[in-house]
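Me: I have a chain on my screen and would like to learn how to read it. Please take me through its features one by one.

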Amino acid sequence: MTSTAALFTSTAAALVALTSLTTATASATTPATSATRPCPESALKITASALTPQHPDVLRISATNRTTTPCVIDRIPTVTFGDLDGAAQPDPPTESAPYRLAPGATAYATVRTVTGRPSPSTRTVDYITVAADPAHHGRRFDAAALGAPTGIRVWSPTTTWWRPSAG
C-alpha cells in the first residue's frame, strides 16, 4: 500500500469514527426520533400542583416516564377544565410534535388558568384533567387538591411546552 493510500484509509477511518460518535451524541439529546415509541398512559406518572398559594391561577404539571425505555409524548400538554370545551392553548403557539422522555425522566410545564385580565365571562370549574398526549384520557385533579377549595378560575388558559426542568 502506498503512503497516500494508507493516509487516505486512516483518514476515512477517523471520519467514520467521528461521524459515529457525533451521531450517538446527537441521538441522546434530540427531542424525539421516529424509532421511539409513544409512551403508554399507564407508563406515566402525571402530577399537578399550585405554584404558590399567592398564585392560585398558575399550576405546575409534570409527566414522568416510569419505564426502562425511552418513549414520546406530545410536546404540548393537554389540559382541560371541568366540563368546559377546549384545552389550554400552547404559549408560545406551536403545532403538535413528539417530545422524548428518557427512562425515569420528568417533563414539566406551567399552566395559567387565567391569562390577562379576568373577564366577566371567567368561569369556575371543580377540576382539571392533565394528559401528556391528546390520545390519553389524562389524570383528574380536584380544585381543593390544587389549593382552590372554591374552584379553579378559567379565562383564556395557556400552557407552556414540556421542558426538562421545573424552572
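Me: In which sense do strand 5 and strand 12 pair, and over how many bridges?

Reply: Start with the general idea. Strands of a sheet pair through backbone hydrogen bonds, either parallel or antiparallel. Two strands count as paired if DSSP finds at least two bridges between them. Strands (E, at least two residues) and helices (H or I, at least four) are DSSP runs, numbered from the N terminus. Here, strand 5 and strand 12 (residues 158-159) pair in the parallel sense, over 2 bridges. Gln-89 stands opposite Thr-158 in strand 12.

Me: What kind of model is this, and how are residues numbered?

Reply: The model is predicted: local features need pLDDT of at least 70, side-chain atom pairs count only at pLDDT 80 or more, and totals for chains, interfaces and linings use all residues. Residues are numbered from 1 along each chain as its sequence is written, and side-chain values use heavy atoms, with hydrogens and water left out.

Me: What is the mean pLDDT of the chain?

Reply: pLDDT is the predictor's confidence in each residue, from 0 to 100. The chain has a mean of 83, and 79% of its residues reach 70 or more. Over residues 1-30 the pLDDT is below 50. That stretch has 4 contacts in the model beyond near neighbours in sequence. A contact means heavy atoms within 4.5 Å.

Me: How many helices and strands are in the chain?

Reply: The chain has 1 helix and 12 strands. Contacts show how the chain folds back on itself. Among those between residues at least 6 apart in sequence, 76% join residues at least 24 apart.

Me: What is the strand order in the sheet of 5 strands?

Reply: The order is 1-2-7-12-5, in an open sheet with mixed pairing. Strand 1 (44-52) and strand 5 (89-90) stand at the edges. Each has a single partner strand, so one side of each is left without a neighbour in the sheet.

Me: How many bridges join strand 1 to strand 2?

Reply: Strands 1 and 2 run antiparallel and are joined by 8 bridges. A hairpin of 2 residues links strand 1 to strand 2. Ala-50 stands opposite Leu-59 in strand 2. Next along the sheet, strand 2 and strand 7 also run antiparallel, joined by 7 bridges. In that pair, Val-58 stands opposite Arg-112 in strand 7. Strand 7 then runs antiparallel to strand 12, with 2 bridges. There Arg-112 stands opposite Thr-158 in strand 12.

Me: Which side chain does Thr-110 meet in a polar contact?

Reply: A polar contact is a pair of N or O atoms within 3.5 Å; within protein, one must be able to donate a hydrogen and the other to accept it, and residues adjacent in sequence count only if both atoms are side-chain atoms. Thr-110 lies in strand 7 (residues 106-112). Its side chain makes such a contact with the side chain of Arg-163 (2.8 Å). Thr-110 counts as buried, at 13% relative accessibility. Thr-110 also touches other residues, including Val-58, Leu-59 and Thr-158.

Me: Is Ser-62 buried or exposed?

Reply: Ser-62 is buried, at 6% relative accessibility. Ser-62 is found in strand 2 (residues 55-65). The side chain of Ser-62 makes a polar contact with the side chain of Thr-47 (2.3 Å). Ser-62 and Ala-48 are 14 residues apart in sequence but 6.6 Å apart in space, C-alpha to C-alpha. Among the residues that Ser-62 touches are Lys-45, Tyr-108 and Trp-162.

Me: Which strands form the antiparallel sheet?

Reply: 3 strands form that open sheet, in the order 4-9-10. Strand 4 (78-81) and strand 10 (139-142) are the edge strands. Strand 4 and strand 9 (residues 127-131) pair over 4 bridges. Val-79 stands opposite Val-130 in strand 9.

How values were computed: Buried < 20%, exposed > 50% of the residue type's maximum accessible area, 1.4 Å probe, protein only. Lists of a residue's contacts leave out its neighbours within four places in sequence.
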